[in-house]
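Please keep the structure open while reading.

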Amino acid sequence: MPKLTASDLDRIYMDAETVDTEVFSEMRSNLLLISGNHYTKKGSKFFDRIRTSTQVNKETKLKLTKNYIGAAHDRIVGNILSIAPNTTIIPNNEKEIQDIKTAELNKSVWEYTKKQNKMRAKIRDWAEDFVGVGECFCKIYFDPSKGRVVGWQAKIDENGEPIIAGYDQQGNPQFEPDKEAPVMEGKLEYERFLGFNVLRDPETETMDESPYLILRKMINHHTLKNLLKDDELFQKIKDSSEQAFLVFDGTNKAYMKEDKNIMLREHYYRPSAEYPNGYYYICVRDHILFEGELPFGVWNIAHAGYKKIPTSARSISPVKSMRPTQIEINRTSSEIATNQITLGSDKLVLSHGAKMTSGGQLPGVRAISITGGQPPSILQGRGGEQYIPWLDRNINEMWEMQNLSNPNLTREGKLDPYAMLFHSLKNKQQFSRPGETFEEFLMDITEITLALAKEYYDENHLIPMVGKNEMVNISEFKHTEPNSYRIQVEAVSADTETMLGKQLAINHTLQYAGNQLDKEEIGRFIKAMPFMNKEEMFGDLTLKHDLAQNIILALDRGEQVVPNKYDDPEFVVKRLIARMRNPDFKFLDQQIQQNYQVLVGQYEDILVKQQVALMRAQQGYIPTGGYLVKADFYVQTPSGGSKRVELPFESVSWLIKQIEAQGESLEAIAAMNKGQVQDMANKLLNANQGPQQPPQGPQNWQAQQGPAM
């Protein structure tokens, strides 16, 4: 692995900066064009005097500028955001439950991270860079000083030893916390870089093939001093950097002299044969501050370009193609303004010898009097109307060049949602190419985020993300295999049209197949609805499915699962058997397969016991409905007397049916004497019970496998 010195890095930086100088100048001017800050100096009163003047001399040329480029930029950004504002995680194999659970956990982490970092605002910023500058860059890294406060460092005494405040019940020392030294939870950060602040290898043909990228930014002295924690090194850097840099301020959209900050250069080398885990150098001119391998070997920079420049690795913005049209719009607008100033007002033409004087005045009426000559005539002024068609043509040409012709036609009457979705998708196809490029950029950010989260996040981070119910499955996330094998990132649109399309598809399915689905399956459909995905509202409908899924995941990890008597054994057995019939089941460890067999037998035993108990309850229940029937049988009353028994009709009918079910009729029983009746009763009992045989099949798993644990 080659080691570079500070002079080597300075030379590499100068070569990388020189090759794209013209491209960087155009990127900066694009921002000025979009913001409208490139026309005139704000302090000049020249154009104010032109507007109030009644004439313009030959040496003065009126020049107006219209910011149609800014309007076109905003519309292009809006169209791209409507195509690809978001990403989601789906399983690589939708038939494997482990892939499904892994995708769910990764999705929970990604959704929480987006909320924590206000990702929607960042996506808008990236989209504006993508369209305005022509390129967008994002560096993702873990900052241990950010996030929530999770504790305090121990206070140190004069000897540098932590101060003990006491001991817990186990005898472990408890240190006195230092309230000025908090321990932060840490979080992933997303740093935005403009295209002209990212340098590449001069010999590369694409940004993805560049072996290194150089990110430059300005950092103030105080921040650098705290970062270094070395006053001597900081003073050397400050003394060697006493110069003013010409810096383009992206906030103010202007150039400015910067002498209070220091330019920080970050050199990142991709993982390769020379750098197996990648490498980075953080330096200033003449000094290397930090260096080392990329954390966990993850390339943490995402990039996208609007339109690639032929024979170059850089990309250009659509602003480049709008410049000629904008120039013609400005020229035509200037001609219109010049006509309005020189020929704009109407003029009163008098004949030779005629004189005009002020006439009488009345409220709201002003009169003039003409003496001599012919009555005056009015020469109408010019407002530049002859240029309006040419101006409109250029404006429409700009929209058409960027596929921005207004596609929104006013539709009256009843709106068909399917027709509305068709028109929406047709309009989005105009920006499919840049939209797909921006989608790939968001997918790269998602993959980098998950790769770093898997390494940096512990239970303190993951439990709020995935929920306490998924604590047992955190290992599934921590041991996620490479993205292309287990999960994949799919670009989705979270706009109204996409959610409406998803809702319509689910409604269509439930309308025609809802009566054939059980409540568990309907609950899963409801959870998939974009507007009804509320766990608290419909979580009970999918409770059995979630429990069975957790059981299968635990078995696949090789864990021993103890059946719960409150589970639905029939549903769990069905899910376990479905898993055992998957093609990959035979490739699992033999012990895992045996655990499946044992657990299926345990749940089948529970199911058999429940069915037997139900049958006994049903057989032991004697109906008591119907009218009362008197029988020739007397019982003793509580008062000491006797009375004839009255039985419900349904009870007597049930008794007769039970006797007939045993194979005897009432007449045959009546013909027997008492002794015969007793003997027959014993025989019938033994015949119905049959020989005592051990249960076969899954019910006999205890005899073969041993007692249940």
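At what angle do the axes of helix α2 and helix α9 cross, and within what distance do they come?

## Basis of the description

The model is predicted, with local features requiring pLDDT of at least 70 and side-chain atom pairs counting only at pLDDT 80 or more, while totals for chains, interfaces and linings use all residues. Residues are numbered from 1 along each chain as its sequence is written, and side-chain values use heavy atoms, with hydrogens and water left out.

## Helices α2 and α9

The axes of α2 (residues 21–35) and α9 (residues 319–343) come within 11 Å and cross at roughly 55°. Axes are lines fitted to C-alpha atoms, for helices over the stretch in contact, and angles run from 0 to 180 degrees between N-to-C directions; helices (H or I, at least four residues) and strands (E, at least two) are DSSP runs numbered from the N terminus. The two helices are therefore oblique to each other, given that angles under 35 degrees count as roughly parallel, over 145 as roughly antiparallel, 65 to 115 as roughly perpendicular and the rest as oblique.

In this contact (heavy atoms within 4.5 Å), α2 contributes Glu26, Ser29, Asn30, Leu33 and Ile34, while α9 contributes Val319, Lys320 and Arg323.

## Helices α9 and α10

Helix α10 (residues 388–401) and α9 have axes that come within 9 Å and cross at roughly 160°, which makes α9 roughly antiparallel to α10. Among the residues that meet here are Met322, Ile329 and Ile336 in α9, and Trp390, Leu391 and Met398 in α10.

## The five-stranded sheet

Five strands form an open sheet in the order β8-β9-β12-β13-β14, with antiparallel pairing; two strands pair if DSSP finds at least two bridges between them. Strands β8 (198–200) and β14 (287–292) stand at the edges, each with a single partner strand, so one side of each is left without a neighbour in the sheet. Neighbouring strands are turned by 20° against each other on average, direction ignored. Helix α7 (residues 221–228) packs on this sheet, where it touches β9, β12 (261–269) and β14, and its direction makes about 115° with that of β9.
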